[in-house]
Amino acid sequence: MTVVPRHEPGLELDEILAMLSHELRTPLSTIAGYLEIISEELEGRIEPRYQLILEAGRRNVTRMTRLLDDLLTVSRDGLLVPGTEEIDLCRVLREVVEDLTVPAVGRSVDLVLAVPEEPLVVTGDGGQLYRACVNLVGNALKFSHEGGRVAIGVAREGTDTVLRVADDGIGIPADARDQLGTSFFRSSNAIERQITGTGLGLRIVQLVADAHDGIVEIDSEEGRGTTVTLRLRGTASDPSTITSDD
Amino acid sequence: MARILVAEDDADLRSLVAFKLASRGHDVVQVDDGVAALASVRSRRPDVAVLDVTMPGVSGLDAARQIREDPDLADLPIIMLSARAGTSDVEAGLKSGADDYVIKPFSPREFALRVEGLLERRG
């Protein structure tokens, strides 16, 4: 007879996260798949209220898929490898702003994008850079007050390419700054205001920065707002495109 | 219409994939592990094999390698289905000889189109 130990020998957190990210995908795949099939089969012959229910189901499958992708990224198996694509950051930011327009309008937050006309190309992974940008702008939006403003910009600074997202929202309490970028960490004012989130967004921005030889800088004051800078070092390869951002 | 083998140990997901492919007019054979998948490709010779990566006994990766090593089966189109989404997992899937690697969760419609696209490319 073997007695199952009451306390399991330590599984590392990132091991558990990797396992969860793998194990939840198969059941989620069945749910997502049947929702899609039902939507297709009933298209045009379904009462609007049931249509809304189906859409809510599918929207939440997408949400859970993103969460699983995030868990994988911060887990043992989630190593981000540096990409070799030529990515125009202006285009990435335009896409991010377009994708977040609906939630921004919903909260009357102005997303103000200032990018140069000409492409600002860096070498990297397009999917990862999109995720970093969508997390930065998404966070700024989430932590903004209704009617607030989020300024998004990218420019060359010396040999670096620098992306900045600034909001005039709730800011980050001083005592939370040491823990920023820790997986699952959420600041006290975000919890008090019941702002939803997993505490993985900034961690993923940091991991994407690492994969692109970048650094993430945060300048924040509680009650005044936050500016996050993603600095991709040594990415301005063509000196003729180097401009300074005053 | 094509003859398609679907090897997946999760019964619900297997039924879903089979349902979708059958609804598009394909002839689908379902098995729930790698050993049965290998037996089925040898006896029935499908036009394409869909293999789940993590099946009991012989995994989808091992099954794909064995198929590629068999001169009679070496050109069989293979699509891998996987709950493992890491970059190294995708690499391992493609290195095993799979033509395509689909990460769960996936859209059944897109999946069927990928299967059909692969069949078309292989003529």
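Select A:Leu24, which sits in the loop between helix H1 (13–23) and helix H2 (25–41) of chain A, helices being DSSP runs of H or I with at least four residues, numbered from the N terminus. The model is predicted, so that local features need pLDDT of at least 70 and side-chain atom pairs count only at pLDDT 80 or more, while totals for chains, interfaces and linings use all residues. Residues are numbered from 1 along each chain as written, chains are lettered from A and ligands numbered from 1 in the order written, and side-chain values use heavy atoms, without hydrogens or water.

A:Leu24 counts as partly exposed because its relative accessibility is 31%, the class between buried (under 20%) and exposed (over 50%), with a 1.4 Å probe and protein chains only.

Turn next to the boundary between the chains, where 21 residues of chain B and 18 residues of chain A take part in the contact (heavy atoms within 4.5 Å). Now select B:Lys20 and A:Glu40, which form a salt bridge whose closest N and O atoms are 2.8 Å apart; the term requires a side-chain nitrogen of Lys or Arg within 4 Å of a carboxyl oxygen of Asp or Glu. Between chain B and chain A the count is one salt bridge.

Finally, colour helix H1 (11–23), helix H4 (87–95) and helix H5 (108–121) of chain B, each of which supplies at least two residues of the side of chain B that touches chain A. H1(B) gives the most to that side, with six residues.
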